[in-house]
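I am opening a notebook on a structure that is new to me. The entries below follow the order in which I looked things up.

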Amino acid sequence: MGLQINRKVEHRPDSCIKEAIDILKQRFGDRLGTSRAVREQHGKGEDHHPVVPPDAVFFAEATDEVAEAVRICAEYKVPIIPFGTGTSLEGHVAALNGGVSIDVSRMNRVLEVNVEDLDCRVQPGVTRKQLNEYLRDTGLMFPIDPGADASIGGMTATRASGTNAVRYGTMRENVLGLTVVTADGRIIRTSQRARKSSAGYDLTRLFVGSEGTLGVITEISLRLYGIPESIVSALCSYPDLESAVNTVIQTIQMGIPVSRIEIADEVQMKAINDYSGTDLPVTPMLWFEFHGTEAGTAEQAEMVKTISDDWGGGDFQWTASPEERAKLWQARHDAAYAAKGIRRGAEVWATDVCVPISRLAECIVETQKDINENNLIAPIVGHVGDGNFHLVLIADKDDEDEMTRANAVNERLVQRAISMDGTCTGEHGIGMGKMDFLIAEHGEAVSVMRLIKKALDPHNIMNPGKILRI
């Protein structure tokens, strides 16, 4: 929060970027945008980092066009910043060294659906909601839900997860193969459609989570799932965070195949009531979702209710009605916007960590204590079924003391998670905001990551200034 960006043009003189832009303009015409409004729109995601616009924005429509643009930029050593829908949270799309933003939002076609094999192939600009709408009549679904209607390309690049990860995994488990344009303009395919392979290095996993630093993803093959016969959602309040989290831990340890477990503390619940006009209890809250047969989901809900009762849970409301389920989940979906409304004009900084489920209660309780001791407003929400939770720090950016305290709480949060054998980010990614934390977490392994980056991108033109310092 409050990070100051000094834009450094390290890759080329201005004459090179001008020449590269002129060539791109000649080739692609009005799909190469250089207006201030277009550039600023592509210089920031949904994060607290400053706007750092690129020199130009190229709206690509096909893989071969991306490859051609990358080759032109590579020749002049001009930085390239891939752009999907701009919903990232760690400064992933900021053009720290200028360059060309390659916007793939127009590459938004579902290319292939193989119903019998439970897979599909899409372009990177397809959003998760668009994909599920396309799949609806096939009886299949793509379950990864990071909250925002993010692009599949962006979700792949940041190794996104979200609310359903406790049952269905993250993008890491659900991306079967990729088409990627490398830093020198080559087009590569990382795998065939077979569900398993022992053939060579696993390049798919290398590019999943690479945050645009190794190449531009232009096609993604995904694992699909059958839409469950029955979906049951539940909501329950708790006397304190520790009781809520202990309910989660026991549910997971008992092997109940819950699909989603979400948490919000009392600060977040008050914000939700104020924003959404609801009258939910202003105490820690858990949302649950169960997938399966009618008998199976009812059994799962009853088992969790028993656990919840043991930890002091309140009225355990559960329903299979689609309309009622939508109402239950709307409050959780409103959480981010509700948090932004707590303090108008304040800096809103969403961060995340993930710890082993056995340490989750300890990590959350210590974090809440730290927030209170530093007199800060910072709602806690999270996908606690897999140990991942978010802190939404809200501070006055003009108050130096408050900003210092907020930074310190964030640093201690990350250090606390790493000391518990957790990670500095469960799903937001490293971007430009967590590079030092990556070193704290992985140590010497970062030097190996750096070698991979240099091998695939020797001139450091692919989204420079993200994940690693080169």
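Entry one. I looked up Ser 243 and found it in helix 9, residues 241–253. I take helices (H or I, at least four residues) and strands (E, at least two) as DSSP runs, numbered from the N terminus. Ser 243 has a relative accessible area of 9%, so it is buried. Buried means under 20% relative accessible area, exposed over 50%, and partly exposed in between (1.4 Å probe, protein chains only). Leaving aside neighbours within four places in sequence, Ser 243 is in contact with Tyr 238 and Trp 311; contact means heavy atoms within 4.5 Å.

A note on the source. This is a predicted model, in which local features need pLDDT of at least 70 and side-chain atom pairs count only at pLDDT 80 or more, while totals for chains, interfaces and linings use all residues. Residues are numbered from 1 along each chain as its sequence is written, and side-chain values use heavy atoms, with hydrogens and water left out.

Entry two. I turned to the largest nonpolar core, which has 51 residues, Leu 286 and Phe 288 being those with the most contacts inside it. Helix 15 (residues 400–419) gives the most to this core, six residues. A nonpolar core is a set of buried Ala, Val, Leu, Ile, Met, Phe, Trp, Tyr and Cys residues joined through side-chain atoms within 4.5 Å. Not counting residues up to four places away in sequence, Phe 288 touches several residues, among them Tyr 238, Ile 261, Phe 316 and Trp 329. I also noted a second, separate core of 28 residues that includes Leu 32, Ile 72, Met 107 and Val 216.

I checked helix 10 (residues 266–276), where the buried residues are Gln 268, Met 269, Ala 271, Ile 272 and Asn 273. Their cover includes strand 13 (258–264), strand 14 (285–292) and helix 12 (322–333). Just after helix 10, Gly 277 takes a positive phi of about 75°.

I looked for positive phi in residues other than glycine and noted Lys 77, with phi near 55°. Lys 77 sits in the loop between helix 3 (63–75) and strand 3 (80–83), and its 35% relative accessibility makes it partly exposed. Arg 159 also has a positive phi, near 55°. Arg 159 lies in the loop between helix 5 (152–157) and helix 6 (165–168), and counts as partly exposed because its relative accessible area is 40%.
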